[in-house]
Amino acid sequence: MTVEVKIGVHNAPRELVIESTQTPDEVAAAVRAALADEKGVLELTDERGRHVVVRSTYLAYVEIGEQLERRVGFGSL
């Protein structure tokens, strides 16, 4: 299961989009912890093990999607 996370960064034309294996609650806790510390950083890991690190002062918004199950094959909708 993965969750899609969109991160808006000040003065950046595009948002960062990652799919994380963390739960929505874990991502929200990481965002809150980063915002609580004035010099904090938001660090998330995507499903491939890559790390995304953003200073909390540059965060414009963080959108946390629902957990998604990957469906494979041909099925009816």
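This is a dialogue on how to read a few features of one predicted model.

Colleague: What should I know about the model before I start?

Modeller: The model is predicted, so local features need pLDDT of at least 70 and side-chain atom pairs count only at pLDDT 80 or more, while totals for chains, interfaces and linings use all residues. Residues are numbered from 1 along each chain as its sequence is written, and side-chain values use heavy atoms, with hydrogens and water left out.

Colleague: In what order do the elements of the protein chain run from the N terminus on?

Modeller: Helices (H or I, at least four residues) and strands (E, at least two) are DSSP runs, numbered from the N terminus. Here the order is β-β-α-β-β-β, which comes to one helix and five strands.

Colleague: Which residues of α1 are buried?

Modeller: Buried means under 20% relative accessible area, exposed over 50% and partly exposed in between, with a 1.4 Å probe and protein chains only. In the protein chain, 26% of the 77 residues count as buried. Those in α1 are Val27, Ala28, Ala30, Val31 and Ala34.

Colleague: Why do the buried residues of α1 line one face of the helix?

Modeller: An α-helix has 3.6 residues a turn, so residues three or four places apart point the same way. Down the axis of α1, the buried residues fall within an arc of 160 degrees, so they line one face; the arc is that of the directions from the helix axis to the C-beta atoms. Asp25, Arg32 and Ala36 are exposed, on the face turned away from the buried side.

Colleague: How does a strand compare?

Modeller: Along β3 the side chains alternate.

Colleague: What does β3 pair with?

Modeller: Two strands pair if DSSP finds at least two bridges between them. β3 and β4 run antiparallel and are joined by five bridges; Leu44 has Val52 in β4 as its bridge partner. The two strands form a hairpin with five residues between them, and Gly49 in the turn has a positive phi of about 90 degrees.

Colleague: Which residues touch the most other members of the largest nonpolar core?

Modeller: A nonpolar core is a set of buried Ala, Val, Leu, Ile, Met, Phe, Trp, Tyr and Cys residues joined through side-chain atoms within 4.5 Å. Of its 13 residues here, they are Val5, Ile7, Ile18, Val27, Leu42, Leu44 and Leu59. The largest share of this core, four residues, comes from α1.
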